[in-house]
Protein chains: 2
Amino acid sequence: MRLTNLFTKTSKTSPADEVSKNAQLLIRAGYIYKEMAGVYAYLPLGLLVLENIKKIVREEMNAIGGQELIMTALQSKDTWEMTDRWDDKKVDIWFKSKLKNDTEVGFGWSHEEPISLMMKGYVNSYRDLPVSVYQLQTKLRNELRAKSGIMRGREFVMKDLYSYARSAEELQSIYEQVTDAYMRVFERLGLGDSTFFTFASGGSFTQFSHEFQTLCDTGEDTIYLHRERKIAINEEVMTDEVLNQLQLNRDELEQVKSAEVGNIFNFGTKKSEQLSLYYKDEKGENQPVYLGSYGIGITRVMGVIVEKLSDDKGLLWPESIAPAKVYLARLGLSEDVVKKADEIYATLQERGISVIYDDRDERPGTKLSDSELLGIPYRVVVSDRLLQDSTYEITERKTGQTNILTHDQLLAKLS
Amino acid sequence: MRLTNLFTKTSKTSPADEVSKNAQLLIRAGYIYKEMAGVYAYLPLGLLVLENIKKIVREEMNAIGGQELIMTALQSKDTWEMTDRWDDKKVDIWFKSKLKNDTEVGFGWSHEEPISLMMKGYVNSYRDLPVSVYQLQTKLRNELRAKSGIMRGREFVMKDLYSYARSAEELQSIYEQVTDAYMRVFERLGLGDSTFFTFASGGSFTQFSHEFQTLCDTGEDTIYLHRERKIAINEEVMTDEVLNQLQLNRDELEQVKSAEVGNIFNFGTKKSEQLSLYYKDEKGENQPVYLGSYGIGITRVMGVIVEKLSDDKGLLWPESIAPAKVYLARLGLSEDVVKKADEIYATLQERGISVIYDDRDERPGTKLSDSELLGIPYRVVVSDRLLQDSTYEITERKTGQTNILTHDQLLAKLS
């Protein structure tokens, strides 16, 4: 992508109405646009990051047999009354509106109920189970406050997977499969070392639910972490009884701030019974289906990555989700420099290496600082001075380490 | 994809509450699920078709320099009051709700206003223009009635592109570029021969807007078509004056039913002036930006394709958007048949040919009729009888033509 073709621009100053680091940086770099508090549009570079995150999540969900579909934003009152989650006193984040005939409708803040009702049409016998379905969808939640940028929005993208099983054991085995898949997702997103399987409050069926908490100073949660065992306890369930149960000593635990990037929940058969989701077992008898629910906040995880990895120069993306691998900065306007930069741009693209090509007539300082603000993993500089020795300068965004390489060395390094 | 892994099932009977052919067939085939009238979820096979359509549209929009982004569902009252389109008396399809602090919010039924306000942050000088941005987004419209399946929904996917230009001429040139790109889209979707550039009512800036109307007996529109010149007039603007202007004779025109699959609209500078979207020209003077708006109904076009191409056996997808190219039907359970079918499934996948593998223990009749209902372009049959001669039977869904081929002939045919 040539920067002269990209409509967004960087900004030196942070928007006055943003307190979160993630929104400040993402807006300055032209990745997102604030529509209203907690509601952000994703501009071309932001959309690329979002799609890269989705792709990783999709691959890992498909790898464990998840079947992708997409449910609807519009939700019917009848559906949610079946589980007593329509009433605003029970769920206080509904956005609701009315059809022309005065029928109330809601806007999807979650999808356990409609997706499980849909499954009733397809789950009849034990032969139809187990099955896992998932979606990557925009959720709408009427949050009282929204000051955390894309870490907690009124409109955000979530991956939610739902598993349907014949028994508690079968559900447990899927639960563990999804846990492993989630750890692979966070690994690939560059959060593997800082994300911990965390015990949190359960529901009527299980004592605990589980969260994936990423260490993050600006996170909303507090967890008690056992680094060696790679597990944590959310403060909401941190009691002596729980410590005993998990065979943990309080003094082995660190109290840390963290952000919840994923959660998994075992509903047992409660919701299925409320929704009359039964299957016929081998004897032809009706049995309630065991439901598990598993979420990853796609936009939130993008926000957490910004909060954790960015520095005083700007954003810093892991290569797996960066909008491009290379920021090609052409310094100067001499015929040689333009020709060489155009050539290297073409060569990298031919090799399938994604490049943002800064072909603007801007001062070198602007180009170099924009490359840092945008957070692209590698910056390659083409300049008259370097061309005298037929070399290129490559700088790694993460370490700031710079090397002077020949054409072949450069291609070897980036391939 | 193995059918034993797919959770959806086909149904012999049409849902009682659907009158439209597209919804009846898509539900029977397990492509979509009805959440409420005009609101459909897309199940795995339906989502594949939808994503294939999006991919074609995306490629053609990128080819003309469109930059993809994604705006938000939540919309602020202030934005839409600037152009007097917030009031329900002016726009009668708003879904609206309220934040906790009683601030009114709307749900995006269109995005000209917010996207143009966003552009104000990036369009300053004549050097920043022209620029075109687009999104593939879910729109929410509070339609009074919704009986046309996915051809007119309360929740649907649309591609909307917006062009920003410096002059009427520059806008006109983009307008023509987009027109050509749209015709390529409809060509690739298999609708090229039946989709016509149509003169429809304009706005305050231009006499006409233009629609892309696809001949369709169940469409909502009536157009007057000049087949040779490949243009049409929407009945809403069909007057003697317009006929004269376009140098058409009434008796050369056919009156036909059609469905609007795309539209393009020239707003001139009116909306930019309402929203204060100005750029500085070469002399440093403020000039209003010329806005064009261009839509393709992604889910609608899917519905129109079903209405037009399906037959009494079921769906019929053009290869460009089918959920798979091949339906591999394994008839019988002998060791040989299973082995051979597994082999051919692996071979086709290795060659990058998408396959739905019917590996179910179902009667041959069920498999054959399901292959037709699902509308997959080619059906390949593996059976004991055929294996005696080391042959495979291939049937084209569109023509019903069947051939008996050897292994090599089959691969050559499908590659």
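The contact between the chains takes 40 residues from chain A and 40 residues from chain B, two residues being in contact if their C-beta atoms, placed from the backbone, lie within 7 Å. This is a predicted model, in which local features need pLDDT of at least 70, side-chain atom pairs count only at pLDDT 80 or more, and totals for chains, interfaces and linings use all residues. Residues are numbered from 1 along each chain as its sequence is written, and chains are lettered from A in the order in which they are written.

Side of chain A that touches chain B
- E7(A) gives the largest share, four residues; strands are DSSP runs of E, at least two residues, and helices runs of H or I, at least four, numbered from the N terminus.
- By class, this side has 24 nonpolar, nine polar and seven charged residues (Ala, Val, Leu, Ile, Met, Phe, Trp, Tyr, Cys and Pro count as nonpolar, Asp, Glu, Lys and Arg as charged, the others, Gly among them, as polar).

Helices H2(B) and H5(B)
- Helix H2 (residues 44–63) of chain B packs against helix H5 (residues 168–188) of chain B at an angle of about 155 degrees, with axes 10 Å apart.
- The two helices, H2(B) and H5(B), are therefore roughly antiparallel (angles over 145 degrees).
- In H2(B), B:Ile56, B:Val57, B:Glu60, B:Met61 and B:Ala63 meet B:Ala181, B:Arg184, B:Val185 and B:Arg188 of H5(B).
- The residues of this contact comprise six nonpolar, no polar and three charged.

- Beyond its neighbours within four places in sequence, B:Leu328 is in contact with residues including B:Ala341, B:Ile344, B:Tyr345 and B:Asp358.

Terms used. Axes fitted to C-alpha atoms, helices over the stretch in contact; angles between N-to-C directions. Parallel < 35°, antiparallel > 145°, perpendicular 65-115°, else oblique.
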